[in-house]
Amino acid sequence: MANADLVILGGGSGGYACALRASELGMSVILIDKDKLGGTCLHRGCIPTKALLHAAEVADSAKESGAFGVRATFEGIDMPKVNEYRDGVVGRLYKGLQGLVKSRNVTFVEGSGRLVAPDTVEVNGERYTGTTVVLATGSYSRSLPGLEISGRIMTSDQALNLDYVPKSVVVLGGGVIGVEFASVWKSFGADVTIVEALPNLVPNEDIACSKALERAFRKRGIAFSLGVRFASATQDDAGVHVTLEDGKQFDAELLLVAVGRGPNTADMGFEEQGVAMERGWVLVDERLRTNVPGVFAVGDITPGLQLAHRGFSQGIFVAEELGGLNPVVIADVNIPRVTYCEPEVASVGLTEAQAREVHGNNVAVYEYNLGGNGKSQILATTGFIKLVQVTDGPVVGIHMVGSRIGEQIGEAQLIVNWEAHPDDVATLVHAHPTQNEAMGEAHLALAGKPLHAHA
Ligand SMILES: Cc1cc2nc3c(=O)[nH]c(=O)nc-3n(C[C@H](O)[C@H](O)[C@H](O)COP(=O)(O)OP(=O)(O)OC[C@H]3O[C@@H](n4cnc5c(N)ncnc54)[C@H](O)[C@@H]3O)c2cc1C
């Protein structure tokens, strides 16, 4: 039996951030994970997929080099080498994280944990008791009823480990994970078709972003079917055969199922200990407390955005709450979101439709076209930065599409979270030539003094 101020179940983004901050604040911490420290994001999510997307960008650069006067030929993708590069990135970060956790005196326990009392987690017959317990067991790739994950039908977990580029793929789901894999595979040379039941790709984004991404994907030769639901899929030696509810059929070498992620909470003793849950999600209040005193939950197991930086922030929040620092509540709406396909989609705050639901007609919108931005021209990208403002008030939403535009989310999230008015941003100087200038230009225009844009 071991005791600590804090016992954390799950060492992913939410769990390890909580552990690091809590130990910084002087608490003793036991961090439990049945797998590798770093969780989904480091080993099966954010980092490995972004390494693949970078390799995809390099492939596109080689293919398009002639347009820039550079003679290069694209000879193909050496997938084992791509994976080696990806594993190198993950491996270095993993090593760094292990060292960090060790250096902060966090006790890492490897094994599958179960909540056996509100203050106790059992691992391999050993009991770990904390003044506080934090649940951070993350999420898993979901499938659809009757759609078994095996062979040619896979989720992102298996897709990440392919050692070849498929000739053709059907991607079921046009959300973040679906469009990112579609983008990688297209750049690597596969024929890609996305099947999305809702009327648009990236359906949680502002409709302007969805439409722009659809146009860009069409131009890249990525096919998609929108607004019709998946009916069934079969597989044989020849490939997968996917049928939609309207009878349309798609054949491909592989089917990627990217229909969302569910909470990883089954059989861990949460219900038995009285933790309130809904369809597997652990319910928390705005200070991330469950209904059981002394038990908190962070990250993907709580309803809301499933993003690594949300998990990090929530983990830090709980540590600071326990340390008596009274941290500021984290609102999901103002958490930045980036979809790293080509072109990228990045946003923070309310979409135009959401702003109109809250503020009615009291909403002003401005869309700055990247056509007027020098660096975007140099990069040969198209896209826009769209601002959503409460009339004569703060900017409450920023929505962007374009190559590398995800890098602009830093300033965008400051603007929205600090409730800046267009005039506040218009006075700031943006370096030339950067795509960041487009952020300044958009605010200049909304403040009534456009420079490289029409009023
Ligand atoms: C393909 C893909 C791409 C993604 N890309 C991005 C991105 O670009 N940006 C972004 O912000 N987010 C991205 N995400 C989402 C991001 O990975 C998650 O939001 C984040 O990992 C959630 O952190 P978490 O701590 O809640 O859970 P996880 O990272 O899933 O960690 C949970 C941990 O708990 C452990 N665990 C579970 N049950 C037990 C148990 N009973 N006992 C012991 N240990 C247990 C697991 O082994 C795991 O290590 C992506 C996800 C995927 C799948």
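Author: What follows goes through the sheets, the helices packed on them, and the ligand site. Keep in mind that this is a predicted model.

Reader: Start with the sheets. What is the strand order in the open sheet with parallel pairing?

Author: That sheet has five strands in the order E8-E15-E9-E10-E11. E8 (153-154) and E11 (223-226) are at the edges; each has a single partner strand, so one side of each is left without a neighbour in the sheet.

Reader: And how many bridges hold E9 and E15 together?

Author: Four bridges, in the parallel sense, between E9 (residues 168-172) and E15 (residues 254-257).

Reader: What angle do H3 and H6 make?

Author: About 35 degrees, with the axes of H3 (residues 46-63) and H6 lying 9 Å apart. H3 passes H6 in a left-handed crossing.

Reader: Which residues of H3 and H6 meet there?

Author: From H3 there are Thr49, Leu52, Leu53, Ala56, Ala59 and Asp60. From H6 there are Glu180, Ser183, Val184, Ser187 and Phe188. By class, the contact of H3 with H6 has six nonpolar, three polar and two charged residues.

Reader: H3 packs with H4 as well. At what angle?

Author: H3 and H4 (residues 79-103) pack at about 140 degrees, with axes 9 Å apart. An angle over 145 degrees would count as roughly antiparallel. The angle here makes H3 oblique to H4.

Reader: Is that crossing left-handed or right-handed?

Author: H3 passes H4 in a right-handed crossing. On the H3 side, the contact is made by Ile47, Pro48, Ala51, Leu52 and Ala55. On the H4 side, Val82, Tyr85, Arg86, Val89, Val90 and Leu93 take part.

Reader: How many residues in the contact of H3 with H4 are nonpolar, polar or charged?

Author: Ten are nonpolar, none is polar and one is charged.

Reader: New topic. How many residues surround the ligand?

Author: There are 36 of them, and the closest are Gly10, Gly12, Gly39, Gly138 and Gly299. By class, the shell has ten nonpolar, 21 polar and five charged residues.

Reader: Which elements supply at least two residues of that shell?

Author: Helix H1 (13-24), strand E2 (29-33), helix H2 (39-44), H3 and helix H8 (308-322) each do. The largest share, four residues, comes from H2.

Reader: H1 and H8 are both on that list. At roughly what angle do their axes cross?

Author: At roughly 35 degrees, and the axes of H1 and H8 come within 7 Å. The crossing is right-handed. Among the residues that meet are Ser13, Gly14, Gly15 and Ala17 in H1, and Ala308, Gly311, Phe312 and Gln314 in H8. By class, the contact of H1 with H8 has nine nonpolar, six polar and two charged residues.

Reader: Back to sheets. What is the strand order in the antiparallel one?

Author: It is an open sheet of five strands, ordered E20-E21-E24-E23-E22. The edge strands are E20 (337-339) and E22 (363-369), and each pairs on one side only. Neighbouring strands of this sheet are turned by 10 degrees against each other on average, direction ignored.

Reader: How many bridges are there between E21 and E24?

Author: Six, in the antiparallel sense, between E21 (residues 344-349) and E24 (residues 395-402). Valine 348 stands opposite isoleucine 398 in E24. Helix H9 (residues 352-359) packs on the sheet, touching E22, E23 and E24, and its direction makes about 165 degrees with that of E22.

Reader: Which other helix lies across E21, E22, E23 and E24?

Author: That is H7, residues 207-220, which runs at about 0 degrees to E24.

Reader: Last one. How many residues sit between E12 and E13 in their hairpin?

Author: Two. Six bridges join E12 (residues 230-236) to E13 (residues 239-244), and the two strands run antiparallel. Within that pairing, threonine 234 has histidine 241 in E13 as its bridge partner.

Methods:
Residues are numbered from 1 along each chain as its sequence is written. This is a predicted model: local features need pLDDT of at least 70, side-chain atom pairs count only at pLDDT 80 or more; totals for chains, interfaces and linings use all residues. Two strands pair if DSSP finds at least two bridges between them. Axes are lines fitted to C-alpha atoms, for helices over the stretch in contact, and angles run from 0 to 180 degrees between N-to-C directions. A crossing is left-handed if the near helix is turned anticlockwise from the far one by less than a right angle, and right-handed if clockwise. Two residues are in contact if their C-beta atoms, placed from the backbone, lie within 7 Å. Ala, Val, Leu, Ile, Met, Phe, Trp, Tyr, Cys and Pro count as nonpolar, Asp, Glu, Lys and Arg as charged, and the others, Gly among them, as polar. A residue is near a molecule or strand if its C-beta atom, placed from the backbone, lies within 6 Å of it. Angles under 35 degrees count as roughly parallel, over 145 as roughly antiparallel, 65 to 115 as roughly perpendicular and the rest as oblique.
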